[in-house]
Amino acid sequence: MNVKDRYKQIEKIKQKVAFLNEMIGLLEAEPEKREINLPSDIIKEIMAWQKAEGTPR
């Protein structure tokens, strides 16, 4: 993998983290909300992380 590909991957991760931080901020601002809509790719990644760590859903 070359440096440009890694840089692109890092930028995608930064964008996803920024998006998740924004969603967390919305939930903190409105604690009565119990649901947020996330893009399917982020949901799949979260599920994969949970599976890899053995965290129950």
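**Figure 1. Accessible surface of the predicted protein chain.** The accessible surface comes to about 5,400 Å² (Shrake-Rupley method, 1.4 Å probe), and 56% of this area belongs to carbon and sulfur atoms. Buried residues (under 20% relative accessible area) make up 4% of the 57 residues. The model is predicted: local features need pLDDT of at least 70, side-chain atom pairs count only at pLDDT 80 or more, and totals for chains, interfaces and linings use all residues. Residues are numbered from 1 along each chain as its sequence is written, and side-chain values use heavy atoms, with hydrogens and water left out.

**Figure 2. Glutamate 11 and lysine 14 in helix α1.** The two side chains meet in a salt bridge at 3.6 Å, N to O (a side-chain nitrogen of Lys or Arg within 4 Å of a carboxyl oxygen of Asp or Glu). Both residues lie in helix α1 (residues 3–29), 3 residues apart, about one turn of the helix; helices are DSSP runs of H or I, at least four residues.

**Figure 3. Lysine 16 and aspartate 41.** Their side chains form a salt bridge at 3.9 Å, N to O. The pair links distant parts of the chain, with lysine 16 in helix α1 and aspartate 41 in helix α2, 25 residues apart. Helix α2 spans residues 40–53.

**Figure 4. Lysine 16 and glutamate 45.** This salt bridge has an N to O distance of 2.2 Å. Lysine 16 lies in helix α1 and glutamate 45 in helix α2, so the pair ties together parts that are 29 residues apart in sequence. Salt bridges that share partners join Lys16, Asp41 and Glu45 into one network.

Conventions. Buried < 20%, exposed > 50% of the residue type's maximum accessible area, 1.4 Å probe, protein only. Helix = DSSP H or I, 4+ residues; strand = E, 2+ residues; numbered from the N terminus.
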